[in-house]
Amino acid sequence: MRLKYTGPKSLISPTGINFYSAKEDKFVFIGAMIELIRVLDHDYEDSKAYSVQTEQKSFDEKSVLDLIRTYVPNLDEQINQWINKTTQTIDEEILRAKNNLSLNYEAKEVIINNIELMRSYRLQRTINKSVYYAGIEALAALIKQRRIYHVTTSMNPKFFHVLHSVQGSLRHQHPILDSEIDLFEEKGHLMAKLRILGV
């Protein structure tokens, strides 16, 4: 198991394979997520504001996996559950294609071959996605545990995506934490702020 970029979501049909660019591989957001975890994981003094310059740094997969394992000890088990679910989905798609009465033999062969051709691609996307969401859960738990009131970043699309994912994760915390994302301009730069409500 390793992290590596694959590409956008694949759309498989009897006529070929297309890619849905709006559904990007979660791999592209992992660096921003890891950077926010590193920036936010320290002790805070009451009512003191902390400011750290975030940048899109490169990362190596081992350090990412090691860092997330410190927050999510069963990370490998979670990844395997995601892999098993995707494998089952792929196998079910192949079975449906074989049993599809509206497709002729050639069309069935094409779609089955296309599904098989994209198996490793889809499994790699699943690994990336599982690591990303495990990290997002860790980041949300960190925000809750450290009682962080807000996180402000540049309006970089990757950081914005991570903030939006964290917002979704906070809605599933117990108790639920409501939040808002505000966009604003500061010194000529567009910024994004995740505000935690009721902390």
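# Close-up views of a predicted model

**View 1. Valine 166 and its surroundings in the nonpolar core.** In this predicted model, valine 166 touches Ile136, Leu139, Ala140, Ile143 and Leu194, leaving aside residues up to four places away in sequence. Val166 is one of the residues with the most contacts inside the largest nonpolar core, which has 41 residues, and Met33, Ile68 and Val162 are named alongside it. At least two residues of this core come from each of helix 1 (27-40), helix 2 (61-71), helix 3 (75-99), helix 5 (119-145), helix 6 (157-170) and strand 5 (189-196). Among these elements, helix 5 gives the most, with 11 residues. Another core, of eight residues, lies apart from this one, and its members include Ile94, Ala107, Ile111 and Ile112.

**View 2. Glutamine 167 in helix 6.** Glutamine 167 has its place in helix 6, and with a relative accessible area of 8% the residue is buried. Leaving aside residues up to four places away in sequence, glutamine 167 touches Ser179, Glu180, Ile181 and Leu194. A further residue for orientation is leucine 190, which is 23 residues from glutamine 167 in sequence and 19 Å from it in space, C-alpha to C-alpha.

**View 3. An aromatic pair between helix 1 and helix 5.** The structure holds five aromatic pairs, and this view shows the one formed by phenylalanine 29 and tyrosine 132, whose ring centres are 6.3 Å apart and whose planes stand at 55°, so the pair is tilted. Because phenylalanine 29 lies in helix 1 and tyrosine 132 in helix 5, the pair ties together parts that are 103 residues apart in sequence. Phenylalanine 29 is buried, with a relative accessible area of 11%, and tyrosine 132 also counts as buried, at 0% relative accessibility. Together with Trp82 and Tyr133, Phe29 and Tyr132 form one aromatic cluster.

**View 4. Helix 3 packed against helix 5.** The axes of helix 3 and helix 5 come within 9 Å and cross at roughly 145°, and the crossing of the two helices is right-handed. On the side of helix 3, the residues that make the contact include Leu75, Ile79, Trp82, Ile83, Thr86, Ile90 and Ile94. Helix 5 contributes, among others, Arg119, Arg122, Leu123, Ile127, Val131, Tyr133 and Ala134 to this contact.

**View 5. The hairpin of strand 1 and strand 2.** Strand 1 (residues 9-13) and strand 2 (residues 16-20) run antiparallel and are joined by five bridges. The two strands form a hairpin, with two residues between them. Within this pairing, serine 10 stands opposite phenylalanine 19, which belongs to strand 2.

**View 6. Two loop residues with positive phi.** Most residues other than glycine have a negative phi. Arginine 147, although not a glycine, has a positive phi of about 55°, and this residue lies in the loop between helix 5 and strand 3 (150-154). Lysine 187, likewise not a glycine, has a positive phi of about 50°, and its place is in the loop between strand 4 (179-186) and strand 5. At 80% relative accessibility, lysine 187 counts as exposed.

Terms used: Residues numbered from 1 in each chain as written. Predicted model: local features only at pLDDT ≥ 70, side-chain atom pairs only at ≥ 80, totals over all residues. Heavy atoms only, no water. Core = buried A, V, L, I, M, F, W, Y, C linked by side-chain atoms within 4.5 Å. Buried < 20%, exposed > 50% of the residue type's maximum accessible area, 1.4 Å probe, protein only. Helix = DSSP H or I, 4+ residues; strand = E, 2+ residues; numbered from the N terminus. Contact = heavy atoms within 4.5 Å. Phe/Tyr/Trp six-rings, centres within 6.5 Å; stacked < 30°, edge-to-face > 60°. Pairing = 2+ DSSP bridges. Axes fitted to C-alpha atoms, helices over the stretch in contact; angles between N-to-C directions. Left-handed = near helix turned anticlockwise from the far one by under 90°.
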